[in-house]
Amino acid sequence: METDCFYIPDLPVFVVGFLLVYIFGYVGVFRGWGSKQQQEASSCLISLAHGTPAVLMAIHAILSTEQPRSFASANSTCQNFVLEFSIAYFLVDLLHYLVFFPSDFLFIGHHIGTLYILITCRYVVKHGAMAILRILVLAEVTSASQNIWSLASARKKDEPTASKLHRFMSPPFYAFYSTVRGVLAPLFLYEIGVFYSSGVADNVIPRLVWISWMIVVVAGILGSMLWILNLWMELFRPRSHLEQKIVS
């Protein structure tokens, strides 16, 4: 039997909550950081408020689902709770990009694609949260370290402590991110691809829907790997330049 959810899904409440966190960061925590840093840091703050809680709630929602569990199971109340929590976050962060960074097509596209998956799973097919929440766990398990790293990166030129933290965090964060996005995520994507392609879920999740989910997730993984590859290259580039100077 499914473990009771102590709360019911309530998307408007979640949206207001993330908006308040963003405003708190913008006018309070990061006041005086400079306009662009202030905006980026406020986005990091709502990401911190979403990432780890979403991972923990998703794991609880998955484990509390009654047997038998499958990627075609109807969504439970707890699973819908997590889906709406995440929908609210991505809506607020999408608004942030549309207002302050309208030319950042990569992040805007990522958020629209993610919202498409979450919204269709929650409101259209109402099945498949068992798969979508596992993808969410893999996507958000790196959130805390990524946002702390991003905040340190934003302040590294202004604060020595932030610069030291950024240098200290970069190698382990890059390794952690690369492992999750480059190894674990593709392996799980293959698992759900095999399940859905067998046709066992076609009566509850139309083929066009799950194929579009797969396309969006694959695009997200590829984008993530290009991003982290570029960071690895930047990390080793200064060492290469130094070695060249020593040799010459």
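Buried means under 20% relative accessible area, exposed over 50%, and partly exposed in between, with a 1.4 Å probe and protein chains only. This is a predicted model, where local features need pLDDT of at least 70, side-chain atom pairs count only at pLDDT 80 or more, and totals for chains, interfaces and linings use all residues. Residues are numbered from 1 along each chain as its sequence is written, and side-chain values use heavy atoms, with hydrogens and water left out.

**Stop 1: serine 42**

Select serine 42. Its relative accessible area is 0%, so serine 42 is buried. The residue sits in helix 2, residues 35-63. Helices here are DSSP runs (H or I, at least four residues), numbered from the N terminus. Now show its contacts, meaning heavy atoms within 4.5 Å. Leaving out residues up to four places away in sequence, serine 42 touches Tyr22, Gly25, Tyr26 and Phe30.

**Stop 2: the cysteines**

Move to cysteine 44. Cysteine 44 counts as buried because its relative accessibility is 11%. Next, select cysteine 121, buried at 0%. Which cysteine sulfur is closest to that of cysteine 121? Cysteine 78 holds it, but the separation is 14 Å, too far for a bond. A disulfide is a covalent bond between the sulfur atoms of two cysteines. The cut-off used is a pair of cysteine sulfur atoms within 2.5 Å. Searching the whole structure turns up 0 disulfides.

**Stop 3: helix 4 and its end**

Select helix 4, residues 105-124. Its buried residues are Ile108, His111, Gly113, Thr114, Leu115, Ile117, Leu118, Thr120, Cys121 and Arg122.

Then step to lysine 126, which follows helix 4. Lysine 126 occupies the loop between helix 4 and helix 5 (129-140). Check the backbone: phi is positive, about 60°, although lysine 126 is not a glycine. Lysine 126 is partly exposed, with a relative accessible area of 47%.

**Stop 4: a nonpolar surface patch**

Select Val16, Leu19, Leu20, Ile23, Val27, Leu95, Leu98, Val99 and Phe100. Together they form a nonpolar patch on the surface, with about 770 Å² of accessible area. Areas come from the Shrake-Rupley method with a 1.4 Å probe. Patch members have over 30% relative accessible area and no salt bridge; nonpolar side chains (Val, Leu, Ile, Met, Phe, Trp, Tyr) are joined within 5 Å, like charges within 9 Å. A salt bridge puts a side-chain nitrogen of Lys or Arg within 4 Å of a carboxyl oxygen of Asp or Glu.

Which helix gives the largest share of the nonpolar patch? Helix 1 does, with 5 residues. Helix 1 (11-29) and helix 3 (77-100) each supply at least two. Finish on leucine 95, in helix 3. At 44% relative accessibility, leucine 95 counts as partly exposed.
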